[in-house]
Every structure is written in structure tokens, then in C-alpha cells.
Amino acid sequence: MELILADPALSSQPFLPQEKILPTRLYLTREELWAGILDQAAALNITGIMTLPGSKLFSLLLKHPNRWPLTPWLVIPDVYQLARDASRYGTTGAAARKILRLSLWNQLRLGALMLKHPGQAMKLKFELMMNILAASDGFGLGQWPGAEPGVILHHQITDLALAFDQKNFFTLFISAISGMLKARPALATRNFTRLTGLLAKSGDGRAQILTPVNAKGFLMQPDRKTAEAAVRSWKNNGGVLAEFWHLPGSDNIEADAAYIQNLGIAGAIIQIEDLRNTRKKPAIKRLGDSPSPQPSPLKGEGISGAASSS
Amino acid sequence: MNKVKIALAGLGKIGLLHLSILKNIKNAEVVALMDKETGAAKRQIEGLGLDIPVFDSVERMIEETQPDGLVACVPPAVNKAMAQACLAKGISLFIEKPMAGSLQDALAMTGLVPSQDAPAHAVGYMVAHYPLVQKAQELLKQNHLGQIRHYRASLYLAEVFERHEGWRQNPAISGGGAVAIVGSHLLYLVQSFFGLPHEVRARAIRLFAQVEDIACATLEHENFFGDLHVSWSRPGYRDMGFNISVEGTEGFLELNEASLAVFRYQDHQKDGWQVYYPWDITTNAPDHLEPGQMGYWAQDNDFIQAISERRPAKVTWEDGLKTQKLIEAIYRSSRIQGRGFALAELG
């Protein structure tokens with residue numbers, strides 16, 4: 001199974017309180033401390049690092065691309081920055097500022113994306129404009145010299161587009177990330193069943209989907225059983241990356257790992273707190289050693305057996 | 001079942017979030033939108049492929065579409081005008097927090113609510129809908145900690161680190177800074193857990209602009225007191241983080257956005273902690289569309305069902321008014337260099 005270590009900067013409510021995330025983030029302000037964590041991650045068969053564009057962690061990976069067998073997965077856009085800018089400058093102002101911060105070359109690439117879809121651009125279609133915003137955060141990947149990186153659309157943007165039934169948005173995102181950024185596209189969501197239902201309508205099964213999958217059924221809408229069936233179906237498409245599979249308060253990581261393995265999960269997110277816990281390390285390593293169904297992203301746009309619930 | 005007809009005013013980031021939720025509540029129908037930037041709002045709505053009329057005036061929107069309820073996502077100083085437009089027509093009104101730009105406005109708004117057959121009215125303190133908050137409220141109501149002796153409450157956000165322009169920094173529109181705009185969530189929790197104090201001693205600190213960025217306060221209740229700290233200039237808090245710890249004669253409680261820990265002194269010899277997590281006490285709702293930001297779906301759904309069932313919403317304007325009194329008391333005390341300000345003076 002593919003294991004991806006999460007940058008604690010991405011930790012979000014309700015899984016960890018902000019005041020508990022802070023000490024870990026402060027501990028990891030120095031590169032050598034991060035390097036120690038990445039050494040441990042590589043030793044446990046972790047192969048990916050989920051972080052933000054422009055983060056210290058991504059800079060470290062860029063500086064030493066061959067030191068660790070780790071591939072970056074960038075979560076875009078930086079929704080907290082976007083929200084702060086929107087409070088200050090309004091939504092349109094925030095978008096304009098984001099684009100103006102880009103280099104001229106990347107602005108031209110965005111312009112080319114708009115020219116490919118002139119009708120949508122003229123009408124300021126959500127599907128195009130939000131993709132432009134998201135993709136503008138992904139340009140940092142252009143400097144990555146290693147194996148094919150991943151780009152994950154932040155769950156708040158995925159779920160906003162989903163709430164408005166923007167199925168073309170997802171098709172455009174997947175094409176832009178794989179075509180323009182040459183990266184593996186993934187969609188993060190808290191509404192997995194409904195998202196796969198919408199993707200089924202568009203016939204696009206290429207994306208990997210990052211979503212909470214846990215034995216408690218927490219955030220597995222509309223209910224655990226239905227969500228489990230949808231997860232099993234999606235393994236034949238892009239595959240599922242499980243986050244929050246081992247929840248704080250659970251003392252049985254082996255049982256939690258067995259739960260996601262039985263669902264045919266392609267990958268799992270590992271939290272730093274668990275990586276630093278000696279008792280949990282063997283279970284993480286075993287999970288990394290375990291086989292998982294090979295997703296077939298970007299081989300074609302067909303879809304296989306997606307849940308029809310929406 | 002007749003659908004609840006909803007209008008929404010203000011299509012900024014929060015307005016868009018509410019629209020995305022309201023559109024997905026089964027017995028709600030969004031019939032109209034209003035934004036002072038009508039052209040941009042129309043383009044945004046057309047860009048989403050939605051066919052909902054956009055108005056430039058709330059009165060005209062109400063006149064033409066006759067909604068059952070209105071969700072107002074506008075700056076606090078505009079809420080009074082929203083209330084005047086809605087309540088005269090018997091329309092339910094949800095307003096984003098804080099309730100108003102001033103205590104005077106909040107009092108005027110509650111004065112508009114008829115004493116009988118009042119339409120549902122709500123304030124957007126989404127923290128009230130966190131399952132852990134509800135559990136803590138329940139335990140405190142049951143006197144699980146015995147008599148309260150002291151509490152400490154803090155709320156932090158990493159948002160303001162330089163001088164900003166915009167309505168949030170204009171007290172005439174925002175009604176204040178960190179205390180009113182983000183700290184009001186914590187003040188709502190404090191008043192709902194412990195009631196209103198009789199006296200407040202507070203200091204507010206400005207780092208960057210015309211409004212406060214940090215505030216500290218001591219709240220004196222009848223038999224106990226609380227300490228409060230609020231900042232929107234706190235590095236490291238990408239998401240809003242809060243913490244409330246309560247010391248009682250029989251136990252201790254600590255609540256934050258991710259867990260609720262309770263310790264009963266009588267159980268000290270057998271590891272007396274009981275910890276609750278959201279996944280222990282949350283149930284999935286079949287038609288719930290999770291927006292990824294806690295509490296928002298639950299509060300919008302509560303408002304719609306309150307209209308439909310003709311019952312009060314979970315967070316009423318009375319709750320909003322109490323919170324507004326606390327905001328005012330903190331500002332009044334800070335204006336007299338932290339000397340005690342009695343809430344009785346507020347009427």
C-alpha cells in the first residue's frame with residue numbers, strides 16, 4: 001500500500017486541536033529535524049509526502065530530491081491563505097492577487113488554459129476560474145525533478161464544486177493537472193459517495209480520491225455501509241487514499257489498518273504523531289508492505305462500477 | 001412537503017458557503033440572492049450554472065420573491081436593516097455573527113421580534129452545533145463538575161499580522177476587531193455555559209489598525225470568575241482554535257474543537273479522565289453534505305427546520321443579544337483602562 005506522510009501544517013479540525021498541532025509545527029521549524037522525520041518515514045516504506053506549495057518541507061525535498069525515495073503530493077489551493085485574502089480583498093480581489101503573485105511564465109500558462117476554453121472564460125465559469133486559482137498554486141511542482149508527483153485538490157474546494165454539481169470542473173482539473181503540471185491528480189473530499197456518483201455521471205474515473213475512511217464511520221456520508229460500498233467500487237478506478245483511518249483515541253492501530261486493507265484501499269495518510277510513536281511503527285511498516293490494488297489513473301477516461309448514489 | 005423558500009444576502013466567501021449548503025438541504029429552495037455588487041454577483045451565479053435572480057436591494061428581493069426566510073451574510077452594521085426589512089413582513093432571519101454592529105442595534109433588533117408567533121430567527125454561532133460543545137453544555141447543566149469555581153477560555157486565529165484595509169478594520173461597519181469578529185464565538189460559548197457575568201474587567205490591544213487585535217478579560221460571576229484571552233494575530237493557528245477549561249468543586253473539564261476531557265476528582269485513583277471525540281458522539285445524517293467546515297451544515301439545516309416546524313432556532317437572537325452585551329462590556333471596560341464595568345449598566 002502506498003503510504004503518504006502528512007505535513008502537520010495540513011492537520012485540520014476536528015481531528016486535532018490547533019493548540020496540539022502547534023508544538024509539532026514548532027519542533028519542525030529546522031531542516032535537520034525534518035530530515036530526521038523523513039529518514040524515519042523512508043525506513044517505514046512511506047513513499048509520499050503530503051504538503052503545501054511553498055512549505056519548508058517541500059523546499060527541503062526540492063533541495064535534496066535524491067536523498068529520500070519520497071514523492072511530493074501538493075495540496076492546492078492554500079485555502080487558509082485564500083480565505084484570509086478574501087476577507088481582506090473580497091473573493092475577486094483574492095483571486096487577482098493570487099494570479100499576480102505568479103511569475104510571468106506561469107501567468108502565460110494560465111492564459112493558455114483560458115484560451116483553450118474561451119467560452120467558459122468569457123462567462124467566468126466556476127469550473128474554469130476555480131481551476132485557474134487551484135492550478136496557480138501547483139506551479140511550484142514544475143521544479144520537482146523526481147518521479148511523478150501528485151496534486152490533491154483541497155477538500156473544501158472539491159466539496160464546494162460538488163455542492164454546486166460542477167462535474168465539468170473535475171474533468172478540467174484532472175486534465176489540467178495531468179496535462180499542464182504532468183502530475184497525478186487527486187481529489188480530497190468529505191463526501192466520497194456523492195463525489196463518485198457525480199464522477200460516474202461524467203464518466204471520468206481517473207482521479208485518486210482522498211477521503212476519511214475509518215471503522216467509526218466518521219465523515220463517511222451518508223452512512224458507513226454505503227460509503228464502504230463506494231470505496232470498494234472506486235478501487236477499480238483511480239483508487240482511494242484513506243485519511244483519518246486511525247483516529248485519535250483509538251488504541252488499536254492494527255485493527256484500523258486491517259479495516260482499510262479489507263476495503264482495498266490504494267494508499268493511506270500517516271500522521272506525524274503516529275510516525276513518532278514507537279508502538280505504532282511496526283503496524284505502519286506492515287501496512288506499507290501490504291499489497292494494494294493498483295489504480296490505473298490516466299489510462300483512460302472510462303469508469304468502473306462507481307456508486308450511483310448522489 | 002412544501003419547501004422552505006430562502007433568500008440570501010451577501011455573496012462573499014461566507015455567503016457562497018451558505019449558498020452551497022442551502023442548495024443541498026432537501027426541503028429548502030433558494031429563490032433569490034442579493035448583493036450590492038450586483039453585476040459581479042450575477043456573473044458568479046451564472047458561472048455556477050445557477051438560475052437564481054440577483055437583486056440590488058433586500059426590500060425589492062423580498063417584495064418580488066416572498067421568501068419564508070433570509071440568510072444574511074453581510075457586515076454586522078447592516079444586520080439591523082436586514083431585520084427591519086424581514087421582521088415587518090414576518091420573514092425569518094438568520095444573521096452571521098456577531099448579531100449587530102453595536103449593542104444599540106442588537107437591542108433595536110430584538111425589539112422588532114413580536115412576542116407571539118415570532119418567525120424563527122438565528123445567529124451564526126456555528127460552534128453551538130459542534131457535538132462536543134453540546135456534550136459540554138449537557139454536562140455543565142447536570143452539574144457534573146459540582147459548583148463552578150473558575151474557567152479559562154481562549155480563542156486564537158492567525159489572520160492579522162499587518163495593517164489591513166477593509167470593512168473588518170472599520171469599527172463603524174464591523175462593530176469591532178478580534179473580539180467582535182472572531183472572539184464572539186468564544187463569548188457565545190461563555191454566556192451559554194455560565195450565563196452573563198455581573199462585571200467585566202478587560203484590556204484591548206491594537207497592534208495594527210483602528211480595531212483591537214488582542215483582548216484579555218476577567219469576567220466576575222456571582223460565585224466564580226473566568227479569564228478570557230482572544231487574538232486574531234496569533235501565529236500558528238491556521239484554523240480557529242479555542243480552549244475552555246472549567247474548574248468545579250467536583251471535577252475539571254477541558255474542551256477544544258477536537259476533544260472534550262472530563263475529570264471527576266472522586267475518580268482520581270483510577271485514572272478519572274473521560275475523553276469524548278467528535279466521532280464518539282456524531283451521527284451521520286442521510287442528506288448531509290459535509291462542507292468540510294464544522295457546524296455550518298448543522299446550523300443552516302437547523303434554521304430551515306426551525307422555519308418549517310415553526311419552532312425557535314438553536315441560537316436565537318436572545319443568545320445573540322447576550323453575546324453582544326459581553327462584547328460591549330469588554331469594549332467599555334477597556335476604554336476605562338481595565339477598570340470594572342458592571343453589565344447592569346447595559347440595561
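This is a predicted model: local features need pLDDT of at least 70, side-chain atom pairs count only at pLDDT 80 or more; totals for chains, interfaces and linings use all residues.

How many residue pairs are in polar contact between chain A and chain B? The count is nine residue pairs, both residues being at pLDDT 80 or more, where a polar contact is a pair of N or O atoms within 3.5 Å, of which, within protein, one must be able to donate a hydrogen and the other to accept it, and where residues adjacent in sequence count only if both atoms are side-chain atoms.

Residues are numbered from 1 along each chain as its sequence is written, chains are lettered from A and ligands numbered from 1 in the order in which they are written, and side-chain values use heavy atoms, with hydrogens and water left out.

On the side of chain A that touches chain B, helix H1 (18-27), helix H4 (79-100) and helix H8 (155-163) of chain A each supply at least two residues, and H4(A) gives the largest share, seven residues. Helices here are DSSP runs of H or I with at least four residues, and strands are runs of E with at least two, numbered from the N terminus. By residue class, this side of chain A divides into 21 nonpolar, 12 polar and 15 charged residues, with Ala, Val, Leu, Ile, Met, Phe, Trp, Tyr, Cys and Pro counted as nonpolar, Asp, Glu, Lys and Arg as charged, and the others, Gly among them, as polar.

The contact (heavy atoms within 4.5 Å) takes 48 residues from chain A and 46 residues from chain B. The area buried between the two chains is about 4,200 Å², of which carbon and sulfur atoms give 53%; buried area is the accessible area, for a 1.4 Å probe, that two parts lose on being put together, summed over both.

Side chains of opposite charge can pair when their charged atoms come close. With a salt bridge taken as a side-chain nitrogen of Lys or Arg within 4 Å of a carboxyl oxygen of Asp or Glu, the rule finds two across the interface of chain A and chain B. One of them joins A:Lys216 to B:Asp280, whose closest N and O atoms are 3.3 Å apart. Over all chains the structure holds 25 salt bridges, including that of A:Arg67 with A:Asp39, at 3.7 Å between the closest N and O atoms. This pair links distant parts of the chain, 28 residues apart: A:Arg67 is in the loop between helix H3 (56-63) and strand E3 (71-76) of chain A, and A:Asp39 is in helix H2 (residues 31-43) of chain A.

In chain A, eight strands close into a barrel in the order E1-E2-E3-E4-E5-E6-E7-E8, with parallel pairing, where two strands pair if DSSP finds at least two bridges between them. Strand E1 (residues 2-6) and strand E8 (residues 267-271) of chain A pair over five bridges, and A:Glu2 has A:Gly267 as its bridge partner in E8(A). A cis peptide bond, with omega about -15°, joins A:Ile76 and A:Pro77, and A:Pro77 is found in the loop between E3 and H4 of chain A.

Chain B has an open sheet of six strands in the order E3-E2-E1-E4-E5-E6, again with parallel pairing, and its edge strands, E3 (54-55) and E6 (121-123), each pair on one side only. Four bridges join strand E4 (residues 69-72) to strand E5 (residues 92-95) of chain B, with B:Gly69 opposite B:Ser92. The peptide bond from B:Lys97 to B:Pro98 is cis, with omega near -10°.
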